[in-house]
Every structure is written in C-alpha cells, then in structure tokens.
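Dear colleague,

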Amino acid sequence: MPDIVKRSPVSALIMAIGILVGVSFTLSKFVSMAGISALTALFWQVLLASIALLALCLLSKTRVALNTRHIPYYVGAGVFGVSGPALIGFLVLEHVSL
C-alpha cells in the first residue's frame, strides 16, 4: 500500500472514494449524451483503471497473488463489484434526463 494511503485519515479516504464514484457517474452521463455506447464506456473505464492499478503495483513493488485460490475472487469481484454495477449505471444513465 502506498505511504500516502497509510498516512491518510480514514475519513479522507472515504471522501476520496465518494468523489471518484460521483465523478464516474457524472462523466458516464456526459459520455452517454455524446452517443458513446455503454459497453465502450465501460471498456475504457476498466482499461484505464487496470493500467493505473498496474502502475501502482509496479511502483510499490507489490506482487498480486495469481493462484487458483485468488483468481475466482478477482473474477467475481471484478464482475459483481465493478463491471456489473458500472454497466448497469451506464445503461440506466442513457435513459435519465438532465
């Protein structure tokens, strides 16, 4: 874990997560208004987040456990915790007016 995260107060981290989620949905609405499909927006969001996570792991020299015990968790967390809800949000935001 990066030192800045270790030194930060919990309330600041919770607020940062809330801001990132709020910005994500706002940007999703702008993307849908621009006519970009929900799957395309989801692809780019997940790709950029994956690149950022990889960069963080490389900078902090942290190795992610890749074994038969951890892979199912990663897939489940990715589908049900990130990609699924984001895709639903993108699809719903296409039909919500400003």
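Read along the sequence, the pattern is α-α-α-α, with four helices and zero strands in the protein; helices (H or I, at least four residues) and strands (E, at least two) are DSSP runs numbered from the N terminus. This is a predicted model, in which local features need pLDDT of at least 70 and side-chain atom pairs count only at pLDDT 80 or more, while totals for chains, interfaces and linings use all residues. Residues are numbered from 1 along each chain as its sequence is written, and side-chain values use heavy atoms, with hydrogens and water left out.

Along its principal axes the C-alpha trace spans about 45 × 35 × 20 Å.

The largest pocket has a volume of about 1,300 Å³, the volume being the space filled by probe spheres set on the points, which are joined across faces, edges and corners. Its lining comprises 30 residues, of which Leu-20, Val-21, Gln-45, Ala-49 and Val-82 lie nearest the centre, and the elements giving two or more residues to that lining are α2, α3 (38–59) and α4 (71–93).

The second largest pocket holds about 240 Å³ of space and is lined by Leu-53, Thr-62, Arg-63, Val-64, Leu-66 and Tyr-74.

Finally, Leu-27 lies in helix α2 (residues 10–33).

With best regards

Methods. 1 Å grid on protein atoms, 1.4 Å probe; cavity = no way out; pocket = protein on both sides within 12 Å on 5 of 7 lines; lining within 4 Å.
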